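Here's a quick briefing to read with the model open in your viewer. Have the sequence at hand too.

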Amino acid sequence: TVLWCAVEVNQLTEKQYDLASSVWGLIQQDAGADLAWSAVNSHFALGIIGFVVMLALRAYVMLIAAEASSALIIGAGSGTSAALCIMISIVNRGVESGGGGGDRYGATMLDLFGHYAVLLTRNAVNIDSP
């Protein structure tokens, strides 16, 4: 994702685009920008989920190794799950609000992931490839 961000920033500064009224307008004009934008946002959300799952597994393994009580293990799991739910909620609100004025990928991050999958499939089979 970091590499894709760097490449996209370089393209935004070096490539000539038609004038757009907003970033969303630019994304809608250029299929490559749409794919990159969707990829960065999707990978960011998946990275957050992966990071929290990794933390939960590490805490679980360490608590098992320390022979902690089941109440402590359940408490640690509950706290980690609550943090993950809050993070997903924040991302969902961002996806839902989109660019304002109805310009958005969908209502949840699953819609964002679906849009990214469609763009990635089109790119892979070279249908409207950027």
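This is a predicted model: local features need pLDDT of at least 70, side-chain atom pairs count only at pLDDT 80 or more; totals for chains, interfaces and linings use all residues.

Residues are numbered from 1 along each chain as its sequence is written, and side-chain values use heavy atoms, with hydrogens and water left out. The protein chain has five helices and zero strands, and its elements run α-α-α-α-α from the N terminus on.

**Confidence and overall make-up**

- The mean pLDDT of the protein chain is 82, and 88% of the residues score at least 70; pLDDT is the predictor's confidence in each residue, from 0 to 100.
- Among the elements, helix 1 (residues 2–14) has the lowest mean pLDDT, at 70, while helix 4 (residues 70–97) has the highest, at 89.
- Helices and strands here are DSSP runs numbered from the N terminus (helices are H or I, at least four residues; strands are E, at least two).
- The protein chain has 130 residues, and 21% of them count as buried; buried means under 20% relative accessible area, exposed over 50%, and partly exposed in between (1.4 Å probe, protein chains only).
- Take the contacts between residues at least 6 apart in sequence: 56% of them join residues at least 24 apart. Contact means heavy atoms within 4.5 Å.

**Helix 3 against helix 4**

- The axes of helix 3 and helix 4 cross at roughly 175° and come within 10 Å. Axes are lines fitted to C-alpha atoms, for helices over the stretch in contact, and angles run from 0 to 180 degrees between N-to-C directions.
- That angle makes helix 3 and helix 4 roughly antiparallel to each other. The cut-offs are under 35 degrees for roughly parallel, over 145 for roughly antiparallel, 65 to 115 for roughly perpendicular, and oblique for the rest.
- From helix 3, the contact uses A45, I48, I49, V52, A56, Y60, L63 and I64; from helix 4, it uses L72, I73, A76, T80, L84, M87, I88 and V91.
- Sorted by class, this contact of helix 3 with helix 4 holds 15 nonpolar residues, one polar and no charged ones. Ala, Val, Leu, Ile, Met, Phe, Trp, Tyr, Cys and Pro count as nonpolar, Asp, Glu, Lys and Arg as charged, and the others, Gly among them, as polar.

**Helix 3 against helix 5**

- Helix 3 (residues 31–65) packs with helix 5 (residues 109–124) at an angle of about 130°, with the axes 9 Å apart.
- Helix 3 and helix 5 are therefore oblique to each other.
- Their crossing is left-handed, a label for the near helix being turned anticlockwise from the far one by less than a right angle, with right-handed used if clockwise.
- On the helix 3 side you'll find D34, L35, S38, A39, N41, S42, H43, A45, L46 and I49, meeting M109, L112, F113, H115, Y116, L119, L120 and N123 of helix 5.
- The residues of this contact of helix 3 with helix 5 come out as 11 nonpolar, six polar and one charged.

- S42 sits in helix 3 and is buried, with a relative accessible area of 0%.
- Leaving out residues up to four places away in sequence, S42 touches L112, F113 and Y116.
- A36, also placed in helix 3, is buried at 1% relative accessible area.
- A56 in helix 3 is partly exposed, at 29% relative accessible area. Its C-alpha atom is 9.3 Å from that of G79, and A56 and G79 are 23 residues apart along the chain.
- V61 belongs to helix 3 and counts as exposed at 53% relative accessibility.
- E67 lies in the loop between helix 3 and helix 4 and is exposed, at 72% relative accessible area. E67 has a positive phi of about 55° although it is not a glycine.
- Most residues other than glycine have a negative phi.
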